Amino acid sequence: MTDDTPRSSSAVVIGGGLAGITSALRLADAGLDVTLLEGRPRLGGLAFSFRRGELTVDNGQHVYLRCCTAYRWFLDRVDGTRLAPLQNRLDVPVLDVGRSSGPRLGRLRRNALPVPFHLAAGLAGYPHLSLAERAGVGRAALALGRLDPDDPALDTVDFGSWLARHGQSPRTIEALWDLVGVATLNATAPNSSLALAAKVFKTGLLSEPGAADIGWASVPLGEVHDTLARKALDSAGVRTELRTKAAALTRTEEGRWSVDTGGERIEADTVVLAVPQRETHDLLPEGALDEPGRLLDIGTSPILNVHVVYDRKVLRRPFFAALGSPVQWVFDRTDASGLTGPGQYLAVSQSAADEEIDLPVAELRSRYLPELERLLPAARGAGIRDFFVTRERTATFAPAPGVGRLRPGARTRAPGLCLAGAWTATGWPATMEGAVRSGFSAADAALRALGRPHVHPLQEAA
């Protein structure tokens, strides 16, 4: 290389979750030499798989919606779209076992009519609410549609209070708003920022008819977020180092960045920190954020997953949600897990599980097996081939009122240092969509600082 030959730019991405993978792919696609560091022995962050005997188990059930355009870009980019299909049309079975007259199955579903009429027929036939409650939902939805999720004032209000002011009964909140909100926000309505709730419901239910159609991986998540992601990174020329954590981040005399892994020192023009907020706080150089302590004020919320392998088929549907029971959502993971022989593997996903996250397995077993028998008559008398629990104590950031002012943007005050992660200021709650969007933002900020022309990936896909 001669002295007048432009030097290629380089980047280090710290963290191999969806945010870090996205950042690395975008930077590599723009022509940078990229190194990705991940402390775990795998990619995927908190959406991963592991082996348990003959089973390949997801740490938790992860779903996405048709409106999750960034995550859909990610699936396309790693060649995984075929492995995470979407419903043709939103259809959620909801089983209420809390009724004195006995269990009743209802459905939340849409038709092909324009917004908001696409949900009107489904709501009119939803048996878990009274006629007056269903009418009240329509009025609240129209009011929600008039809100601007980007209005900072909304972040100071809790969703539960807003729903109560708009005539929503406790039953309506349980049977509809929290049914959706707890799963997407990982918090109940009183513990959720109105801004984030408005983002979820406006985007998912009121933006276009198919926005809320549900998708999920038909294979173990690790096949998409680790195996395929690693293949895409390799093809893009990214150097991926697993079991490698960044120990320190400093500026060189030449104004570049030096990342110390303990065994190696890597220099780069730009760095993306794509790790959880507390780890980010510990790695941030002085002056990178005006108030770095705010990162430590961002709370976390747990998710508990209960896994049951029966000796026979007990559920005919791919999934359902429950009312009148501690059980929230149940998914059939039999085929995806590789289970052989007779039997069925069900995963019970419990969001906002603060009261249960540390309970002993024996206590969870005594609580959830009878509940599943109450929900699924075919489970009564069925043999239990396996029962186990996975716990993510810090699964997401807590979407509490006021969290918006704590979430930093992608850019920092340190030139060439950018932040990524679902906990950053994406405007979304802590979802796979938010994680990928944060990766876009961090890569965009890094490329702009380097003077590299680029086009936003969702504009490319348009």
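Colleague: Let's start with helices α1 and α12: at roughly what angle do their axes cross?

Modeller: Bear in mind that this is a predicted model. In it, the axes of α1, which covers residues 18-29, and α12 cross at roughly 35°, and they come within 7 Å.

Colleague: And is that crossing left-handed or right-handed?

Modeller: The crossing in which α1 passes α12 is right-handed.

Colleague: Which residues meet there?

Modeller: From α1 the residues are L18, A19, T22, S23, R26 and L27, and they meet a set in α12 that includes M432, V436, F440, A443 and L447. Sorted by class, this contact has 11 nonpolar, 4 polar and 1 charged residues.

Colleague: Okay, what does α12 lie across?

Modeller: Helix α12, residues 432-449, lies across the strands β13 and β19, and its direction is at about 165° to β19. Both strands belong to an open sheet of 5 strands, which has parallel pairing and the order β9-β2-β1-β13-β19.

Colleague: Changing topic, what's the order of the open sheet with 7 strands?

Modeller: That open sheet runs β7-β6-β15-β16-β17-β14-β18, and its pairing is mixed. At the edges are β7 (104-109) and β18 (384-397), each of which pairs on one side only. Ignoring direction, neighbouring strands of this sheet are turned by 25° against each other on average.

Colleague: Do β16 and β17 pair in the parallel or the antiparallel sense?

Modeller: Strand β16 (residues 329-332) and strand β17 (residues 344-351) pair in the antiparallel sense, over 4 bridges, and in that pair F331 stands opposite A347 in β17.

Colleague: Last one: which strands does α11 lie across?

Modeller: Helix α11, residues 361-375, lies across β6, β14, β15, β16, β17 and β18, and runs at about 105° to β18.

Note on methods. Residues numbered from 1 in each chain as written. Predicted model: local features only at pLDDT ≥ 70, side-chain atom pairs only at ≥ 80, totals over all residues. Heavy atoms only, no water. Pairing = 2+ DSSP bridges. Helix = DSSP H or I, 4+ residues; strand = E, 2+ residues; numbered from the N terminus. Contact = heavy atoms within 4.5 Å. Axes fitted to C-alpha atoms, helices over the stretch in contact; angles between N-to-C directions. Left-handed = near helix turned anticlockwise from the far one by under 90°. Nonpolar A, V, L, I, M, F, W, Y, C, P; charged D, E, K, R; others polar.
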